[in-house]
Amino acid sequence: MQLNSNLSHTHHQFHNQNQRKCPIPLLSVKPVSQIRSLFRQENINSLSHSGVCTCFFQNHDLVRGLCTVNQPARIAFSADDAEEFVKKTCSLIKKRRWRALNSAVSELTPSEFLQLLLGWKADAKLALRYFKWAEREHGVKHTSESYCTLLHILARAKRHGAVQVQLQHIISQENHSTAAFFHMLAKTRNRCPLNPAIVDILIVVYGQNDMLAEAVEAINRSQFYELSPSIISCNVLLDALVKTRQTEMARKVYWALIRRRITPNVNTFNIVIHALSKEGKLQKATDLLTDMQSWGCSPNAITYNTLIDGHCKKGIIGKMYKAKELLNEILAKGLFPTQVTYNTLIDGYCKEGDGAAAFKMLEKMKENGILPNVVTYNALICGLCNEDKTEEAFNLHGEMQEKGVVPSIITYNSLINGLCKNGQTIKGEELLDEITRKGLVPNSVTYNTLIDGYCKKGEMQEAFRLLGCMIKKGIHANVSTYNALINGFCKIGKMKETEKLLDEMAEKNVKADVITYNILISALCQQGRTPKANKLLNEMLEVGPAPNYVTYNTLMNGFCEEDDIKSALRLRKEMAKRGRWANIATYNVLIKGLCRKGKMQDANELLNEMLEKGMTPNHVTYNVVREEMIEKGFVPDIEGHFT
């Protein structure tokens, strides 16, 4: 081949002169007279209609060597010569004849040579071998052009694993830009269609490297290149956004997909429903069931499990009614509830304090041929312990073992909690020994539960003894440990010891949480030091953590106990300004405070306000009305609400 022989001849002249300086002269800056014939304008002008393969080169030393050429340079091969050249070089790569290859391609940069391989559909395996050889043996730092050209070759051959590896290299570069990548991808396509698999894999690689903003940008930019990512890669991104609590961005991506008519599947909807459920936006999550049907998707067990879980964790009275409705809908559609479905419902009932309903659900679970597992028993045992039914919890513990279900550390932590709530800390420690005998490893929750049990009994010496055992086991004290100890000292009035613990927390970089502040505010209020408690609230508002309902209600109660109802009502307004509206506990505190102040009519108005907002009175409300109103001769004007 005449062109190839000319290239080889000129390369040998240059290589002999510059062997030490440039072991792989991929771009030889040759005299203009020897190269200009390759770039004759008349040849370039006639390429578009003559069946000739053309390589486009820009910003290379070869172009600069021409001195007078300002436009992108081109090397023109006839179709036959180009095909022969590619076959010959591929043969050299296949046989690993690197020295001969070095001579054959000396006038080309890796990007230029790869463009030839792309244009003539060379074997992707050989292209990748050449790419690695140039990098490994000659220290070539591949340009973005080289990488993108290789991506086209690999994607066309469906070498998706290799595409992923190269994309990982690309995004790890300091100057990587999603916009620049798409531009270069289009520039190096060499008349072959852009392969959407590259975009799909790019989104996945971004996700694997926690570059979610870049992944979102990739989806957005793909539309300008008439590329539509697959719903599979979009789902990977949506799931990653939800798991990292970027639910707002997840919703934006979802609606962008809908606008672009990228067809969602059931997994897409399940991910978005999960995101909305986590935010407590259950009505919006439920509305998506209708959207699913319009896209030809049918909700599956995961869809309903997600919605049921959202309702169970809603944290409002009556939440289980809707969850039960969803179970009935599953059955009506001919779907089969799974073990997860029943476990979620059982856990929801237990956390609502409705143990009877939880055990009824257990029976239905068994009737449908689904056996309870350790998660089922853990939920029930935890529920029983929270209802102070420790003996029943231990009976269930025995039953699960008889049925071959092995208790976990969560099982034992719940049992220890039940014992400690009843002041049976010694029996709790006996369970700690049983945990060790059974090969389970006690965790921070195990020790913190026992430490808290001793602290609530005022046995601080025993609490610190257990703390020592915990540290010896390599388990560090966390904020829950300190909260238990601080609460213990607050209960016995040793505030100096509390201050020492707070200093120790600061030294060990253990940050106080909202529970820490609530304990301190409660203790100060009980001591009649509400101004200092109020300062702690201000500190929370300034530097965090954010106060919760317990914080506000505790301080309101402190003000009421000091007959400072004005400050309590002011605090209620401040709470509302910060997006926290009065809950049932808030009304109970304020109604009681107004009654004790003798402001019965004001208390009655507040009671009616609570009822008008649809809040259901609890046992505390009834006690306040009976003890602070009716027994003191005042009959509240709320006919029909109390009997």
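Here is a tour of a few residues in this predicted model.

**Stop one: the cysteines.** Begin with Cys-234, which has 0% relative accessibility and so counts as buried, the cut-off being under 20%. Next pick Cys-297: its relative accessibility is 11%, so Cys-297 counts as buried by that cut-off too. If you are looking for disulfides, the structure holds zero.

**Stop two: Glu-145.** Now select Glu-145, in helix 9, which covers residues 144–156. Which side chain of opposite charge is nearest to Glu-145? Show Lys-187, 4.2 Å away. Glu-145 is buried and has no salt bridge, because a salt bridge calls for a side-chain nitrogen within 4 Å of a carboxyl oxygen. What Glu-145 does have is a side-chain polar contact of 3.1 Å with the side chain of Thr-143.

**Stop three: Asn-300.** Move on to the loop between helix 17 (282–294) and helix 18 (301–312), where you will find Asn-300. Is Asn-300 buried, partly exposed or exposed? With a relative accessible area of 23%, Asn-300 is partly exposed, because that value falls between the 20% and 50% limits. Display side chains here, and a polar contact of 2.8 Å links those of Asn-300 and Thr-303. Beyond the neighbours within four places in sequence, Asn-300 is in contact with Val-266, Asn-270 and Leu-335.

Note on methods:
Residues are numbered from 1 along each chain as its sequence is written. This is a predicted model: local features need pLDDT of at least 70, side-chain atom pairs count only at pLDDT 80 or more; totals for chains, interfaces and linings use all residues. Side-chain values use heavy atoms; hydrogens and water are left out. A disulfide is a pair of cysteine sulfur atoms within 2.5 Å. Buried means under 20% relative accessible area, exposed over 50%, partly exposed in between (1.4 Å probe, protein chains only). Helices (H or I, at least four residues) and strands (E, at least two) are DSSP runs, numbered from the N terminus. Lys and Arg count as positive and Asp and Glu as negative; His and the chain ends are not counted. A polar contact is a pair of N or O atoms within 3.5 Å; within protein, one must be able to donate a hydrogen and the other to accept it, and residues adjacent in sequence count only if both atoms are side-chain atoms. Contact means heavy atoms within 4.5 Å.
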